[in-house]
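Keep the 3D view open as you read.

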Amino acid sequence: MIVGCDHWIYDTSLFQSTIVTEFDLTCENEWKETLASSVYMFGMLIGAATLGNIADRIGRKLAFSVNVVLLATLTTGLAFSPNFITFCVLRFLCGVTAIGHFLILFVWGVEAVGKKYRVMCGFIYQCVFTVGCAVLGLVAFYIRDWKNLQLVISVPMFALVSLYWVVPESIRWLIAKKRYSEARLLILQAAKMNKKNVPDHLIFVEKEKSDDTGGRDHEGEPVSGSVSKGESIQDVFHSKVLLKRFAIMFLAWIAAVMGAVEIPAYISGIFLVDKLGRKPTLSGGLIASGVACLITGLVPEDPPAIRITFSMLGKLFISCVMATVYSYTSDLFPTSARSAAVGLCSTFGRVGGILCTYYSYRWKEN
């Protein structure tokens, strides 16, 4: 006679508490583990498609500040989820704000440096992301209760709000919006900090005839407090050249996000992009990673060293591609639509992540 279980008893020798033990995600409810991952990836898809456009409209600084408050609040609230449905809803919203956090910071960072250092800045940013993942694993090794772990990694994020008063707005974004007086002030501050002199003709604009620019005096003073509509992501879609770029980068993003990350790939990528350029590094990396992954699936399991070697090579190349595709995408589109463009391309990358969680679950079942 088979009798159904009325409760579960879990082994707590390795973990004091997990979402599996918290919400009984076993047997007929095991599929909910995959659902929890999928809703997070779907949230990232939505966030990548929307928050980049918001950052282009209201500025990197304000968008980051609002987003980080929401992210910290949502991730902290995740630890107090009373049931699985609430957990999934919060996970979805965390995905929306988490990808927004990454995208806004990336674009804000590369716009803060000159073209000479954009590639290096983008790759170093990816390295910091990798270090964060490694530190998370180390923290999780010592904190075996999922709620405590969630609080430890979430509460400190509230401190990032202080960056609003520390880090300046993107000068490129200010210029794109024709807020010249604010841009001029930041340029002069940067020049003073770096002990450089900026010629006057580079920080003053000629008098514009249009009355909607806010106006200025006859001595060539920068426009004060004016905002121009400029180009938007909608305008980008009217250009055949930019549409072609979108199509190519969409496919590159789908392939890149499925790979893992490795610091050696990012470090070597800095030199490869500098020596070979973005297109050869991106195309060559995609081909090399694809070949390595195919070989991994075709070679026999014994000896395992062959599979391990080619799988690691695949990860190495795709990690280099991942960092390159961020820098390349940000360079292909104008400042006024840069954040939205990177976000839309990243959206297609999330499609790969969602499919990956589904197929991994189906493979596990079979």
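Axes here are lines fitted to C-alpha atoms, for helices over the stretch in contact, and angles run from 0 to 180 degrees between N-to-C directions. Helices (H or I, at least four residues) and strands (E, at least two) are DSSP runs, numbered from the N terminus.

This is a predicted model, in which local features need pLDDT of at least 70, side-chain atom pairs count only at pLDDT 80 or more, and totals for chains, interfaces and linings use all residues. Residues are numbered from 1 along each chain as its sequence is written, and side-chain values use heavy atoms, with hydrogens and water left out.

**The chain overall**

The protein chain has 15 helices and 0 strands. Of its 366 residues, 40% count as buried (under 20% relative accessible area; exposed is over 50% and partly exposed in between, with a 1.4 Å probe and protein chains only). A contact means heavy atoms within 4.5 Å. Among contacts with a separation of 6 or more, 76% come from residues 24 or more positions apart.

Two packed helices are described by the angle between their axes and the distance between the axes.

| Pair | Axes come within | Crossing angle |
|---|---|---|
| α4 (residues 84-111) and α5 (residues 115-142) | 9 Å | roughly 150 degrees |
| α5 and α14 (residues 304-332) | 9 Å | roughly 135 degrees |

Angles under 35 degrees count as roughly parallel, over 145 as roughly antiparallel, 65 to 115 as roughly perpendicular and the rest as oblique. By its angle, α5 is therefore oblique to α14. On the α5 side, the contact uses R118, V119, G122, F123 and Q126, while α14 brings C320, M322, A323, T324, Y326, S327 and D331. These residues divide into 6 nonpolar, 4 polar and 2 charged. Here Ala, Val, Leu, Ile, Met, Phe, Trp, Tyr, Cys and Pro count as nonpolar, Asp, Glu, Lys and Arg as charged, and the others, Gly among them, as polar.

What about α4 and α5? These two helices are roughly antiparallel to each other, and their crossing is right-handed. From α4 come H101, F102, L105, F106, G109 and V110, meeting R118, C121, G122, Y125, Q126 and F129 of α5. This contact holds 7 nonpolar, 4 polar and 1 charged residue.

**Loop residues**

Most residues other than glycine have a negative phi, and most peptide bonds are trans. D24, in the loop between α1 and α2, has a positive phi of about 55 degrees and is partly exposed at 30% relative accessibility. T26 is found in the loop between α1 (19-23) and α2 (31-58) and is buried at 15%. Leaving aside residues up to four places away in sequence, T26 touches W8, Y10 and V20. K195, in the loop between α8 (180-193) and α9 (200-203), has a positive phi near 60 degrees and is exposed at 79%.

**Where to be careful**

The predictor's confidence in each residue, pLDDT, runs from 0 to 100. Its mean for the chain is 79, and 83% of residues reach 70 or more. Where pLDDT is low, the predicted coordinates should not be read in detail.

Notes
A crossing is left-handed if the near helix is turned anticlockwise from the far one by less than a right angle, and right-handed if clockwise.
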